[in-house]
Amino acid sequence: MTLYIVRKLAFFLLAVFAASIAIFLLIRGAGGNVAAIILGKDATADAINALAQQYGLDRPMVVQYFDWIGNIFRGDLGRSFRTNEAVTDLVVSRLSISIPLCVSGLLLGLLIAIPAGTYSALNSDKPLGALITILSQVGIAVPVFWAGILLSLLFGVRLGWLPTGGWTNWSADFWGAVRSLVLPIISLGLILGASLTRYVRSAVLDVMNQDYVRTARATGMTRMEALLQVGLRNAALPIATVVGLQIAELIGGTVIIETVFSLPGLSRMILANVAAREVIVVQSTVMLIIIFVMFINLIVDLLYGVLDPRVRLAR
Amino acid sequence: MTLSTRDPILAMQGVTQSYGLQRTSLFAPPSSFKVLDSIDFDVCAGEAVGLVGESGAGKTTLTRILIGMERPQQGRLIFEGNDVWSATPAERERFRRSVQMVLQNPRSSLDPRMRIGTALLEPMRSLRIEGDHIKRLHEVLEQVGLDKSALERFPHEFSGGQLQRIAIARALMPNPRVLVADEPVSALDVSIQAQVLNLLRDLVRDLNLGLVFIAHDLSVVAYTTSRVSVIAAGRIVEVGQPVELFTRPTAAATRNLVDAVLTVEAGLEGKAL
Amino acid sequence: MTLAPAIEVHDLVVGYDALNAVRGVSFTLPRGGRMGLVGESGSGKSMTALALMGLSPTGWHAAGQVLHDGVDLITETDTSFSKRRGRTISMVFQDPMSSLNPVRRVGDQIADVIHRHSKVSRREAMKQALDLMVQMNMPRPEQLARSYPHQISGGQKQRIMIAMALACYPQLIIADEPTTALDVTVQKQVLRLLNAAARDRNTALLMITHDLPVIAAMCDTVAVMYAGRIVEHGPVQEVFRSPRHHYTRGLLDSQPTMDNIALDGSSRLGSIPGMVPPLHNLPTGCAFHPRCAAASEKCRAEMPELGANGAACWHPVKEKAE
Amino acid sequence: MSAIATNKPAKSRRRPRWLSNTALLLGIVISVAFLAIALLSAFYLPHNPNVPRIPDRLLPAGSPGYVLGTDVLGRDILSQLMVGARTSLLVGAGGALISLIIGTVAGLSAAAFGRIADETISRGADILLSIPGIVTALVLAATIGSGALTTVLALSAFFTPSFTRVIRSAAMSVLQEDFITAARLYGRPTWFILLRHILPNVAGVIIVQFTLFFAAGILTEAGLSYLGVGVTRPSISWGMMLNEAQQQVGISSPLAMWPGLAIVTVVLGLNLLGDGLRDVLDPRLSRRGA
């Protein structure tokens with residue numbers, strides 16, 4: 001297990017390193033002169049050079065890279081060119097929206113998917129089982145923003161129960177903030193739940209066809225006991241893997257849903273910076289998101305190790 | 001018996017093979033494991049020899065070396081008197097044509113997307129063998145007892161026994177001198193096993209083939225071959241005629257294997273267990 | 001007072017959609033009796049076993065009558081059947097590699113069975129589990145009990161499986177190819193264990209296998225299955241010494257024996273021509289007729305029933321062929 | 001013997017048969033209709049979808065000349081939807097096709113060219129997989145600017161690692177078959193085995209995955225265009241139409257319905273087609289059922 005953890009940690013660091021180089025090269029390589037991008041088409045050569053000097057963009061690439069990555073690990077994401085605000089401060093305040101949204105969306109998705117997927121795996125010939133299969137198939141085809149639009153149409157506009165957008169700060173109006181997040185979370189959770197349902201379903205189907213489940217039943221477990229005591233415990237392994245893979249999708253969904261409901265989260269900030277060509281800010285915040293996803297994947301891998309004795313007790 | 005004029009076509013001499021093991025911990029030195037230890041093994045024309053042993057005894061590695069898939073770390077693989085791994089390209093080509101193999105699972109050993117006719121011609125094309133391929137196809141099909149109509153069909157249209165015949169036919173296409181059969185009947189039904197065993201015996205006799213028959217079941221090997229080597233923990237522990245091995249096993253591994261054989265007679269007499 | 005048989009099967013039919021893998025199988029196995037059910041792949045022997053356990057795969061249906069311990073198992077609900085499985089009727093499966101729960105320690109898996117069916121404490125169940133492991137000739141049971149399945153050998157896993165099957169002193173154990181997946185040299189040891197343990201407990205044994213020598217060694221009676229039906233049924237000594245059905249004859253002739261080993265080219269294994277017919281394309285009449293040398297027009301037209309001679313054949317083998 | 005005698009339940013029991021058949025049929029009908037409309041839009045449109053006609057603005061569906069009405073600038077909705085279908089087709093299929101090509105080459109290489117190649121490609125794919133597609137799109141939009149081509153690039157970057165993994169694992173299972181060993185034995189080189197044995201046997205998987213990634217591509221493209229970092233005018237995308245509708249007229253407008261419905265229908269159709277094809281083509285499933 002020690003070796004397993006070491007290996008996974010090493011891979012995490014390697015992955016972060018590789019991804020950071022990729023992002024850095026993509027922005028420097030594909031984008032050409034960063035200072036020129038930031039200043040736009042009409043900038044004079046002098047202004048571009050001045051900016052390049054100010055940001056150290058005229059230094060060798062290797063130096064710039066290590067300077068940038070070093071700062072990220074120190075928690076310094078740089079400053080906005082236009083407003084001169086520290087990006088780190090901006091990010092922190094915006095994470096107070098994005099993280100609850102993202103995590104609750106995932107939890108809701110799992111809360112839907114595990115029972116629904118399990119039920120439809122075991123009762124594919126019953127009407128409800130078939131209905132779940134159909135609904136998840138349809139749900140996968142619904143873009144998350146359209147789900148958001150439809151939900152706010154129903155609960156916001158038609159019924160007037162919940163806000164269709166906007167944000168009050170947690171400290172200013174806690175319940176108001178919660179109310180603002182309900183519809184975004186439901187949209188995110190429903191759509192994520194639809195695709196997770198399929199994975200849970202196939203994991204459960206797969207596990208329930210295994211010989212050891214048959215053994216469990218041959219030694220006196222009912223179908224339900226075999227499912228709960230043996231099946232789900234084993235299905236947890238493939239499901240954990242899939243959840244890890246879905247994190248990247250989830251981030252995409254979060255970005256979109258923040259836009260639908262005009263929530264001033266992290267993604268809105270990135271979008272604004274993309275529009276404003278704040279290349280360096282985009283580079284840093286994007287890297288932050290990638291580190292987050294990779295960290296979650298690391299956690300999932302370690303969890304897998306704990307769940308599976310074949311991994312845990314391996315050399 | 002042709003034992004007096006022993007002139008092996010294919011032989012392994014003093015072959016030793018070790019594999020590195022995965023480290024047991026981060027700081028442990030890498031260790032290695034001797035899979036084969038000074039193996040001598042050979043087969044002559046018109047002779048069927050057997051190789052038996054439990055799983056993990058080294059049968060697979062021995063087979064891989066015997067057919068030239070793996071290079072021996074120590075010792076030599078000799079074909080028609082030449083060391084295969086230091087032979088001229090022409091000699092190696094001849095080795096590749098002359099030593100063919102039949103694998104355990106017939107359903108897996110034929111590409112499901114390839115017609116039987118194409119599959120049978122594959123060795124000929126790959127080994128660049130000249131001649132009338134169609135004539136050869138018909139010859140070989142007759143040798144294994146299959147109809148010409150098989151050529152246009154796909155593997156899924158055949159039963160396991162028929163597929164094993166097809167796999168044997170493919171191995172015979174390049175007109176080999178040695179046939180290596182790795183557990184050729186263990187994936188087949190009992191009533192089909194005998195068909196394939198009889199076919200192999202006929203081929204040895206009719207084509208003057210050298211047959212190497214690898215299996216875990218001593219009784220099946222004994223029926224098909226005239227000389228059996230017993231392998232255990234990477235060493236050949238005993239060589240002899242099947243009857244001798246059965247009646248007077250000397251090595252412990254042989255005794256285990258003999259003891260493991262169940263027969264209907266012994267069962268009926270209440271002496272089996 | 002005579003005890004009811006361990007199991008009594010009447011006209012069992014097991015199928016999937018319109019295809020039947022088992023087409024009317026009947027037999028009776030007395031208490032403490034040993035019966036072998038022999039057949040090749042596709043004969044329906046494994047489906048018979050699963051149907052008796054009420055564990056037919058999803059989508060499969062079983063009909064007929066299976067009397068055991070005073071009830072008809074075919075009509076049992078999952079809940080009440082589950083109180084019997086592992087207690088009065090249990091099963092040993094073919095592949096011990098995949099038949100144990102990979103995420104639970106093997107000792108716990110045995111103890112689970114005991115704990116579930118007898119009202120003893122967990123601690124007591126574990127003690128009995130260790131006892132069972134000792135009876136299964138497993139060295140250092142305490143240490144082994146703490147292992148996960150992937151840490152022990154195939155032979156040890158199958159001993160664990162047998163211990164689980166025996167744990168509650170069942171009336172009947174169904175063993176489906178219990179040694180096929182094991183290394184040759186451990187097969188006999190496992191058979192010996194199963195043999196002795198069943199005898200000690202007076203447990204009836206239904207051996208399901210393609211391996212005639214195993215049946216000869218373990219069983220009193222044998223039923224030979226072909227294409228979903230029993231084609232010959234009788235005491236092992238009679239059936240194997242002088243089979244009446246041509247299929248049984250053919251199976252026996254294709255066994256390598258001491259006689260064939262003397263390789264002088266004269267002795268040859270008998271073999272059955274052709275192949276096992278697929279379920280969806282069974283021959284008319286006697287399903288074996290296309291492969292049978294003695295087949296006549298009648299065999300093509302009418303399906304024979306099991307006769308007084310124990311064989312379902314219109315032209316039974318006359319006498320001992322030897 | 002063991003492999004043959006094991007009686008695993010038939011995999012075809014994954015869902016009721018009537019549902020599978022209806023689903024495949026529906027998938028075929030929708031996919032064909034979608035392709036037909038996308039192609040038709042290249043030759044015939046009721047109106048120019050980019051020319052504003054202010055007098056005709058916000059006409060309801062069924063208005064004379066405007067089957068589905070007009071938007072806030074008086075542009076014909078139906079024509080925009082038709083062009084949107086073409087965009088979805090080009091961007092979705094383009095992204096799927098590029099990742100198919102790279103993914104197949106990479107996946108086959110990982111499977112066939114030894115441990116170092118496998119580790120490099122597989123770990124590389126793992127790393128790329130944890131970069132959200134939307135992030136790639138944002139970075140590309142920030143540097144080279146948004147547009148249909150950028151979107152195709154972002155989709156390919158996002159899908160290629162998944163495609164690689166699927167092809168790799170399919171190829172791995174084919175590689176374990178004995179006919180590969182046989183081919184090696186009679187001296188076939190690796191490239192030949194890849195082309196002649198592995199590719200035909202994973203072709204089903206490739207087709208199925210292409211269909212599914214095509215659908216995912218349409219969905220992702222819609223999301224990016226909705227955010228304004230995807231397709232831009234004069235190209236038209238369903239996601240972009242939704243964004244405009246929401247910003248300019250508010251979400252209660254029927255304008256927000258049509259593009260959404262179009263996306264759901266087409267993505268559903270392609271997914272159903274892919275799943276149906278999987279039942280028919282994927283040897284890993286069909287072989288077990290035999």
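Visitor: How many residues of chain B are in contact with chain C, and how many of chain C with chain B?

Guide: Contact means heavy atoms within 4.5 Å. Here 38 residues of chain B are in contact with 43 residues of chain C.

Visitor: Before we go on, what kind of model is this?

Guide: This is a predicted model, in which local features need pLDDT of at least 70 and side-chain atom pairs count only at pLDDT 80 or more, while totals for chains, interfaces and linings use all residues. Residues are numbered from 1 along each chain as its sequence is written, chains are lettered from A and ligands numbered from 1 in the order in which they are written, and side-chain values use heavy atoms, with hydrogens and water left out.

Visitor: What area is buried between chain B and chain C?

Guide: The size of an interface is often given as the accessible area lost when the parts come together. Buried area is the accessible area (1.4 Å probe) that two parts lose on being put together, summed over both. For chains B and C this is about 3600 Å², with carbon and sulfur atoms giving 63%. On the chain B side, B:Val190, B:Leu268 and B:Leu273 lose the most area to chain C, together 21% of what that side buries.

Visitor: How many salt bridges and polar contacts are there between chain B and chain C?

Guide: A salt bridge is a side-chain nitrogen of Lys or Arg within 4 Å of a carboxyl oxygen of Asp or Glu. The count between these two chains is 2, and one of them joins C:Lys188 to B:Asp259 (3.7 Å, N to O). A polar contact is a pair of N or O atoms within 3.5 Å; within protein, one must be able to donate a hydrogen and the other to accept it, and residues adjacent in sequence count only if both atoms are side-chain atoms. There are 11 residue pairs in polar contact between chain B and chain C, both residues at pLDDT 80 or more.

Visitor: Which elements of chain B supply at least two residues to the side that touches chain C?

Guide: Helices (H or I, at least four residues) and strands (E, at least two) are DSSP runs, numbered from the N terminus. The elements are α6 (190-207), α7 (218-224), α8 (242-247), α9 (252-260) and α10 (264-268) of chain B. The largest share, 9 residues, comes from α6(B).

Visitor: And how does chain D meet chain A?

Guide: There, 48 residues of chain D are in contact with 55 residues of chain A. The area buried between them is about 4400 Å², of which carbon and sulfur atoms give 77%. The rule finds 1 salt bridge across this interface, and the side chains of D:Asp275 and A:Arg198 form a salt bridge at 2.7 Å, N to O.

Visitor: Which strands make up the open sheet of 4 strands in chain C?

Guide: Two strands pair if DSSP finds at least two bridges between them. In chain C the order is β2-β1-β4-β5, with antiparallel pairing. Strands β2 (19-29) and β5 (71-72) are the edges, each pairing on one side only. Strand β4 (residues 60-68) of chain C pairs with β5(C) over 2 bridges, and C:Leu67 stands opposite C:Asp72.

Visitor: How many salt bridges does a search of the whole structure find?

Guide: Over all chains, the search finds 38. Among them is B:Glu80 with B:Arg94, whose closest N and O atoms are 2.8 Å apart. This pair links distant parts of the chain, 14 residues apart: B:Glu80 lies in the loop between β4 (74-79) and β5 (82-83) of chain B, and B:Arg94 in helix α2 (residues 89-98) of chain B.
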